[in-house]
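Welcome, and please open the model in your viewer. Let us take a short walk through it together, one selection at a time.

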Amino acid sequence: MDNDVSAGSTTTVVGRLALGVTLLAFGLGYTDVIDGVTASDAVSLAHYLGGVALFVAGLLAFRDRDTATGTAFSALGALWFTWAVSAGSQVSDNAAGLFLLLFALVTLTLALAGRDPLTQGTYGLFFVSLVLLAIAQFAANGSLAKAGGWFAVAAGAAAWYAATAALAHWPTALPRRAASGRGVTAAG
């Protein structure tokens, strides 16, 4: 079985943990699965862990010459920081939807440029979450917001798993099917 386990850099692991925890808190707030917990309860976590810590992890990745991770973490750090400092501001639903839609485009870029399926899956799920949340803002639709929250939870779980797998040396890829032994051999 090919486990395709990579320890990853410390910066990548820390960034994935920060992203995972932030997405889980943010997403669970939209799902209404925990009584009395809303997305606005994730503001402090999003500000410091998702915003500041993730942005710093991105800068450290750039220092290590890892431009893909640096770009991803810096951009997502900016997203969380902006979301947190603007929470509670009086903006129109359309302005909030536009903000989410623009960052959905950023996450789409990250998903398409991902190096491995787990990273692509994380950013792909986050992309779907942001699109659903943007549409929910435009249409004032709570059901779409709840669905967007569940996609954020799934993205957070994927990011958390990727970080934990790197530390615990768990598999990060599905096992590959062994090639059949029916090849033609050279006679001699």
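The stops below cover a helix pair, a surface patch and a salt bridge.

Before you start, keep in mind that this is a predicted model.

**Stop 1: a pair of helices**

Select residues 10–31, which form helix 1, together with residues 142–168, which form helix 6. How do these two helices run relative to each other? Their axes are 7 Å apart and meet at an angle of about 155 degrees. Angles over 145 degrees count as roughly antiparallel, so helix 1 and helix 6 are roughly antiparallel to each other.

**Stop 2**

Which helices supply it? Helix 2 (43–63) and helix 3 (67–86) each give at least two residues. The largest share, four residues, comes from helix 2, while Phe81 lies in helix 3.

**Stop 3: a salt bridge**

Side chains of opposite charge can pair when their charged atoms come close. The whole structure holds three salt bridges. For one of them, select Arg16 and Asp116, whose closest N and O atoms are 3.7 Å apart. Arg16 sits in helix 1, and Asp116 in the loop between helix 4 (93–113) and helix 5 (117–139). This pair links distant parts of the chain, 100 residues apart.

Note on methods:
Residues numbered from 1 in each chain as written. Predicted model: local features only at pLDDT ≥ 70, side-chain atom pairs only at ≥ 80, totals over all residues. Heavy atoms only, no water. Axes fitted to C-alpha atoms, helices over the stretch in contact; angles between N-to-C directions. Parallel < 35°, antiparallel > 145°, perpendicular 65-115°, else oblique. Salt bridge = Lys/Arg side-chain N within 4 Å of Asp/Glu carboxyl O.
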